[in-house]
Amino acid sequence: MAEATAHDKYEFKKTLEVLRDKKGHGTELISLYIPHDKQISDVMADLRNEYGQVANVKSKTTKTNVQNGIESLMSRLKFIDRIPENGIVYFTGTVDVGNNKTDLENYVIHPPEPIITYKYHCDSTFFLDPLEYMLKEKGTFGLLVLDRREATVGLLNGKKIMKRASLTSDVPGKQRKGGQSAHRFQQLRLIAIHEFYKRIGDAASKVFLTVDSDDLKGVLIGGPSPTKEEFYGGEFLHYEIQAKVIGLFDTSYTDESGFLELINAAADKLADLELMEQKNVMKAFFAELISDSGRAAYGEKSIRANMEINAVDRLILSEDLRAEIMTATCPVCGQYIQKTRSWRPGEHPPETGPCPSCGAALDNIEVKDLVDELSEMADKSNTAISFISTDFDEGGQLMNAFGGIAAILRYNTGLWRHSSRHRSCRSSRHCPESRHSAVYKIKKVRHSAVYQ
Ligand SMILES: [Zn+2]
């Protein structure tokens, strides 16, 4: 499958948000993850088995609801003859829709990355972990586990571990043969170890250099001490690869099973790395903003104007940004209305009120998702996109002070502030653009910070 675009990911994320909101009364929402290589007949057998088990459930409503869900799944599976390449995920269940009403809802997800493990899960909410994991920016990591006898090279992409090469050494054991001088033996042994490290370095570099250098986020080295330290210190890897080593981690295995050990040992480091990338993006944005280079832009209007002339190098969007552009023409007075409305994840989009001029009810409202639109534009104009979480200070500021939309420009376009249409209302407390006043405040704060 082609690499999912940033826009695909955002779409996917929004779908997950909808699913995350769904609640059942009892443990009656079913999540079914089917990997590509799973036989449909096996899934059917499993569902029949689950159907039988539900008979033991005490609550009659729960029992009926779960059985309805399973029946619905089975009838859907009848129409598929083969599981798609990335697998398929079904969500079904009797969902609470408010006012004491429930409804049997069904969702089918074609995941952007392969489903690895088959899973049937029944709970009061949908089970979304494997799909949520796919949203994370992952890139590729190089894996190398080694000791003096064996080395294994692989790649990690998402949750997928791929073994790429394995080597064994002819380094003699510590026990020397009779007749050899101890000194000579030790010398031969060191030469053999050095030769083996060289072979490992060459093999690993060859594998890691096949990965696009932007995509290769780092290299993890595992093995017993002091072998891995010795290998790393000897700089046996290609210099570009050597520079990407994130850390050395203790593992007891040096075959393929050492990879899992290695990844687990490096887990904290990998999580930090992801956040670090986001932090660096925000740092770069603030650096441009403070330097007055004119290469930092923010706010919907400015970003849109800069996107239109292909001046955006990196589009920076808050992961919490939920916004739609609503357009309508009033059926009574004919006024053209265009409004951006925004909300927070988990909240419902605000209602569109009546015509601001004459108060008539609006029909024919057209709604376009703002992030959709911006990321489509970015994909077309070779603009990088960073989605930034609100889990750290600068990420929170992006959402709260900059309306969730910012950019680093390729050059100073002069279009880094809000449009002149709004300049007149700069001092107004009632600017129709709610984020306008917040932006103004930040600019003031910034200047005082610079001049003090
Ligand atoms: Zn009107």
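Select Asp292 to begin. With 13 C-beta neighbours inside 10 Å, this residue counts as partly exposed, because the partly exposed class lies between 12 or fewer neighbours (exposed) and 20 or more (buried). The model is a predicted one. Asp292 sits in the loop that links H9 to E10. Check its backbone: phi is positive, about 55°, although Asp292 is not a glycine.

Next, go to Asn364, in the loop between E13 and E14. Here too phi is positive, about 50°, and the residue is not a glycine. Is Asn364 buried or exposed? Asn364 has 9 C-beta neighbours inside 10 Å, so it counts as exposed.

Display E12, E13 and E14, which form an open sheet of three strands in the order E13-E12-E14, with antiparallel pairing. Strand E13 (336–343) and strand E14 (366–369) are at the edges; each has a single partner strand, so one side of each has no neighbour in the sheet. From one strand to the next, the twist averages 20°. As background, strands of a sheet pair through backbone hydrogen bonds.

Look now at the pairing of E12 (residues 322–329) with E14: it is antiparallel and runs over four bridges.

Helix H11 (370–380) is one of the elements that supply at least two residues each; the others are helices H9 (267–291), H10 (300–308) and H12 (393–402), with strands E10 (296–298), E11 (312–318), E15 (384–388) and E16 (405–409). Which element gives the largest share of this core? It is E16, with five residues.

The core has 31 residues. To see those that touch the most other members, select Ala297, Leu315, Ile316, Leu317, Leu374, Ala406 and Ala407. Then centre on Ala406. Beyond its neighbours within four places in sequence, Ala406 is in contact with Phe285, Ala297, Tyr298, Ile316 and Leu398. Apart from this core lies another, of 26 residues, including Ala151, Leu220, Ile221 and Phe249.

Move to helix H8 (residues 257–265) and colour Gly258, Phe259 and Leu262, which are buried. They cover an arc of only 105° around the axis, so they are on the same side of H8. What do the buried residues of H8 pack against? They pack against five strands: E5 (140–146), E6 (150–157), E7 (160–168), E8 (216–223) and E9 (245–250).

Select the peptide bond joining Ser225 and Pro226: it is cis, with omega about 0°.

Finally, zoom out to the whole protein chain. It has 13 helices and 16 strands. Of its 452 residues, 29% count as buried. Among contacts between residues at least 6 apart in sequence, 71% join residues at least 24 apart.

Technical notes:
Residues are numbered from 1 along each chain as its sequence is written. This is a predicted model: local features need pLDDT of at least 70, side-chain atom pairs count only at pLDDT 80 or more; totals for chains, interfaces and linings use all residues. A nonpolar core is a set of buried Ala, Val, Leu, Ile, Met, Phe, Trp, Tyr and Cys residues joined through C-beta atoms within 7 Å. Two residues are in contact if their C-beta atoms, placed from the backbone, lie within 7 Å. Two strands pair if DSSP finds at least two bridges between them. Axes are lines fitted to C-alpha atoms, for helices over the stretch in contact, and angles run from 0 to 180 degrees between N-to-C directions. The arc is that of the directions from the helix axis to the C-beta atoms.
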